[in-house]
Amino acid sequence: MSEALIERLVKFAESGNQQKIVLNGQTHQGWIMEITEDALLISTGFADKTGKDFWIKFTDLNQAELSYWDTETDQWADFQI
């Protein structure tokens, strides 16, 4: 995967205090925990019992809507890769 894409995803992971990925009608809201060469890991929920981890491939991100919680405006802000 390109360095530029990985840098952009790191910026997404560092944006706001939570990230949201909507893909194929499913919403994954939480924190980006890891970025590999071909996917990212988002952890949802607040504890091990309610939270789940999801690997999302970079190729799937083309179809996804990305946003982050902007603490300055207290609302979701769109993020473009």
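These are short notes on the predicted model shown above.

1. **Ground rules.** The model is predicted, so local features need pLDDT of at least 70, side-chain atom pairs count only at pLDDT 80 or more, and totals for chains, interfaces and linings use all residues. Residues are numbered from 1 along each chain as its sequence is written, and side-chain values use heavy atoms, with hydrogens and water left out.

2. **Layout.** The chain has two helices and six strands. From the N terminus, the order is α-β-β-β-β-α-β-β. Helices (H or I, at least four residues) and strands (E, at least two) are DSSP runs, numbered from the N terminus.

3. **Overall dimensions.** A compact globule of 81 residues would have a radius of gyration near 12 Å; the chain has 12 Å, which agrees. That radius is taken over C-alpha atoms, and the globule rule is 2.2 Å times the number of residues to the power 0.38. Along the principal axes, the C-alpha atoms fill a box of roughly 30 × 30 × 20 Å.

4. **Burial and surface.** Of the 81 residues, 36% count as buried. Buried means under 20% relative accessible area, exposed over 50%, and partly exposed in between (1.4 Å probe, protein chains only). The chain exposes about 5500 Å², and carbon and sulfur atoms supply 44% of this area. Accessible areas come from the Shrake-Rupley method with a 1.4 Å probe; for residues, only the protein chains shown count as cover.

5. **Contact range.** Take the contacts in the chain with a separation of 6 or more: residues 24 or more positions apart account for 36% of them. Contact means heavy atoms within 4.5 Å.

6. **Helix α1, length.** The 12 residues of α1 should span 16 Å at 1.5 Å a residue; the end C-alpha atoms are 17 Å apart, which agrees. The expected span is 1.5 Å times one less than the number of residues. Just after α1, Gly 16 takes a positive phi of about 60°.

7. Leu 5, Leu 9 and Phe 12 of α1 are buried. Seen down the axis, the buried residues of α1 fall within an arc of 50°, so they line one face of the helix. The arc is that of the directions from the helix axis to the C-beta atoms. The general rule is that an α-helix has 3.6 residues a turn, so residues three or four places apart point the same way. On the other side of α1, Glu 3, Ala 4, Glu 7 and Glu 14 are exposed.

8. **Cover over α1.** The buried residues of α1 are covered by elements including β1 (19-23), β2 (26-35), β3 (39-44), α2 (58-61), β5 (65-70) and β6 (75-79).

9. **Glu 14.** Glu 14 lies in α1, which runs over residues 3-14. Its relative accessible area is 63%, so Glu 14 is exposed. Glu 14 and Phe 58 are 44 residues apart along the chain, and their C-alpha atoms are separated by 17 Å.

10. **Aromatic pairs.** A search of the whole structure finds three aromatic pairs. In one of them, the rings of Phe 12 and Phe 79 have centres 5.0 Å apart and planes at 40°, so the pair is tilted. This pair links distant parts of the chain: Phe 12 is in helix α1, Phe 79 in strand β6, 67 residues apart. Phe 12 and Phe 79 are both buried. The rings of Tyr 68 and Phe 79 have centres 6.4 Å apart and planes at 75°, so that pair is edge-to-face. Tyr 68 is in strand β5 and Phe 79 in strand β6, 11 residues apart. Rings of Phe, Tyr and Trp (its six-membered ring) pair if their centres lie within 6.5 Å; planes under 30 degrees apart count as stacked, over 60 as edge-to-face and the rest as tilted.

11. **The cluster.** Phe 12, Tyr 68 and Phe 79 form one aromatic cluster. Tyr 68 is buried, and so is Phe 79.

12. **Leu 66.** Leu 66 is found in strand β5. Its relative accessibility is 6%, so Leu 66 counts as buried. Leu 66 and Phe 79 are 13 residues apart in sequence and 5.3 Å apart in space, C-alpha to C-alpha. Not counting residues up to four places away in sequence, Leu 66 touches Phe 12, Lys 20, Ile 21, Leu 61, Ala 77, Asp 78, Phe 79 and Ile 81.

13. **Lys 52.** Lys 52 lies in strand β4 (residues 52-57). Lys 52 counts as exposed, at 52% relative accessibility. Leaving aside residues up to four places away in sequence, Lys 52 touches Ile 42, Ser 43 and Thr 44.
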